[in-house]
Amino acid sequence: MSGHPPAPDAVYAAPTRTQAPPIKVLVVDDHAFFRRGLVSVLDDEQDIDVVGESGDGEDAVRTAADLVPDVVLMDVWMPGSSGIDACTGIKSVVPSAKIVMLTMSDEEDDLFEALKAGATGYLLKEISVDELPGAVRAIASGQSFITPSMATKLIGEFTALAKKDGGRARRIPAPQLTGRETEVLRRVARCLNNKEIAEELFISEHTVKNHVRNILEKLQLHSRTEAAVYAVREKFLDAD
């Protein structure tokens, strides 16, 4: 038997969980009362930090360049530079920013122009205060977020274009999607979010995110909205 005293029990430090930094949000609206209301709602969320406000498009571009927000909530109609013009400007100085048009306009032209300018979301101001923080989180995580009534218009427009085209345009063979990727794509086209897709397919949200990323890479698309349009055009929904 050794003459050395027994070693003391090892002491293990509990692992610490690294908390993700809050989502930095810039709020842009020419109506100060509405703008302050948005700030008040979002400031109550621990994982969201409103880093700045702006009342017009030109100032929004300058403010975004200074603050580098993760998400920009912006009206379409503003005096001077419109929200759509500002969207283009912000994407040029802060390409990583996710821009959500938050507006009264339910005009299809405004929706299409916003998406072309780089917006990844289009919400009508009728959205409830309870839904807004969740929409910000979804946008920050890389999802597209469009008010359902506007998404229906978007898909309806592209469906009409596809029928008008009559299949005459030259088709480029699409990369082969797996069976699971096809199931996910059909649900993206139905405007389901990752959680809803996960529940329908009995898989995790993380797995859904991976499938969506693979779908976008294979099809060389840039957003869920483009994926939804592709699914409608290529008649993926016909199987449902």
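User: Where does Gln143 lie?

Analyst: In this predicted model, Gln143 sits in the loop that runs between helix H5 (132-140) and strand S6 (145-146).

User: What makes Gln143 count as buried?

Analyst: Its relative accessibility is 11%. Buried means under 20%. The value falls under that cut-off, so Gln143 is buried.

User: Which residues is Gln143 in contact with, leaving aside neighbours within four places in sequence?

Analyst: Thr120, Ala138, Asn193, Asn194 and Arg224. Contact here means heavy atoms within 4.5 Å. Arg224 is also one of the buried residues of H10.

User: How do you know whether Phe202 and Gln220 are buried or exposed?

Analyst: Set each value against the cut-off. Exposed means over 50% relative accessible area. Phe202 has 77%, so it is exposed. Gln220 has 67%, so it is exposed as well.

User: What makes Arg35 buried?

Analyst: Arg35 is in helix H1 (residues 32-43). Its relative accessible area is 15%. That is under the 20% limit, so Arg35 counts as buried. Beyond its neighbours within four places in sequence, Arg35 is in contact with Val27, Asp29, Asp30, Glu53, Ser54 and Gly55.

User: How many residues apart along the chain are Arg35 and Leu73, and what separates their C-alpha atoms?

Analyst: They are 38 residues apart along the chain, and 9.7 Å separates the C-alpha atoms.

User: Why is Ser81 called buried?

Analyst: Ser81 is in the loop between strand S3 (71-74) and helix H3 (83-93). Its relative accessible area is 16%. Not counting residues up to four places away in sequence, Ser81 touches Gly57, Glu58 and Ala86.

User: What makes Asp109 exposed?

Analyst: Asp109 is in helix H4 (residues 108-117). Its relative accessibility is 57%. The cut-off is over 50%, so Asp109 is exposed.

User: Which residues form the patch of negative charge on the surface?

Analyst: Asp106, Glu107, Asp109 and Glu126 gather there. Asp and Glu count as negative, so the patch carries that label.

User: What about the protein overall: how many helices and strands are there?

Analyst: There are 10 helices and 6 strands. The protein has 240 residues, and 42% of them count as buried. The accessible surface is about 13900 Å², with 53% of it belonging to carbon and sulfur atoms.

User: Which share of contacts joins residues at least 24 apart?

Analyst: 64%, among contacts between residues at least 6 apart in sequence.

Key: Residues numbered from 1 in each chain as written. Predicted model: local features only at pLDDT ≥ 70, side-chain atom pairs only at ≥ 80, totals over all residues. Heavy atoms only, no water. Patch = residues over 30% accessible without salt bridge, like charges linked within 9 Å, V, L, I, M, F, W, Y side chains within 5 Å. Areas by Shrake-Rupley, 256 points an atom, 1.4 Å probe, with all protein chains shown as cover. Salt bridge = Lys/Arg side-chain N within 4 Å of Asp/Glu carboxyl O. Charge placed at Lys NZ, Arg CZ, Asp CG, Glu CD. Helix = DSSP H or I, 4+ residues; strand = E, 2+ residues; numbered from the N terminus. Buried < 20%, exposed > 50% of the residue type's maximum accessible area, 1.4 Å probe, protein only.
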